[in-house]
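Have the model open as you read along.

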Amino acid sequence: MRERDRADPITYLRRRVSSAVGRATDIASRVPGPGVVQHLGRLWQRHVRERPDQYQASITFPTAPDRPTVGEIHGWIEDVEHVFEGRLDVYARRGSVAIVTDHVSDDLFDEAAFDAVCERIEDGYSGSRSIVHLRKWRLNDGNLVRAHVIVPVKPLFPRDEADDPAARATSEIEAD
């Protein structure tokens, strides 16, 4: 009876080869591939070096009588144009002007000059708007891009009430 239960040599060889191929496939799947290596390289560049390959900016300038003049906004746009080597598009929208820059390499981008322009924009809107400056990391054709999005936002409460502690205390709602 034991001889009948035994597999013939060809079947036994097929099972052994199949088992070996399964183990080899399992081991090969655990080895990091090029996608994992690229991902780790981008993480290293983003969090350790903090140096992107390229920079980009998108800035919105609200326009109205109580906001900076068109001349001031034009000056800021020229400053951003110099920082990004003239690679930007200007869009006129209802109630605002928006600029979007092209991707500029790290070698051409002057971060100190861009920070100075951002401070001038904050100073220009200091009385009427709060500036939101988002910094995002994106991928563009395999390059790591640092994108800056700057938007002047209307405050929820007027500044004179927010600065006065007595007015702030009267506007609070207490719950039981």
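A residue is called buried when its relative accessible area is under 20%, exposed when over 50%, and partly exposed in between (1.4 Å probe, protein chains only). The model is predicted, so local features need pLDDT of at least 70 and side-chain atom pairs count only at pLDDT 80 or more, while totals for chains, interfaces and linings use all residues. Residues are numbered from 1 along each chain as its sequence is written, and side-chain values use heavy atoms, without hydrogens and water.

Let's begin with the rings. Searching the whole structure gives six aromatic pairs. Rings of Phe, Tyr and Trp (its six-membered ring) pair if their centres lie within 6.5 Å; planes under 30 degrees apart are stacked, over 60 edge-to-face, and the rest tilted. Two of the pairs are shown here.

| Pair | Centre to centre | Angle between planes | Class |
|---|---|---|---|
| W76 and Y125 | 5.7 Å | 45° | tilted |
| F84 and F109 | 5.1 Å | 55° | tilted |

W76 sits in helix α4 (residues 70-83) and Y125 in the loop between α5 (111-124) and β5 (130-140), so their pair ties together parts 49 residues apart in sequence. Helices (H or I, at least four residues) and strands (E, at least two) are DSSP runs, numbered from the N terminus. W76 is buried because its relative accessibility is 6%; Y125, at 0%, is buried too.

Now for the arginine: R146 belongs to strand β6 (residues 143-153) and counts as buried at 18% relative accessibility. Beyond its neighbours within four places in sequence, R146 has contacts (heavy atoms within 4.5 Å) that include Y55 and W137.
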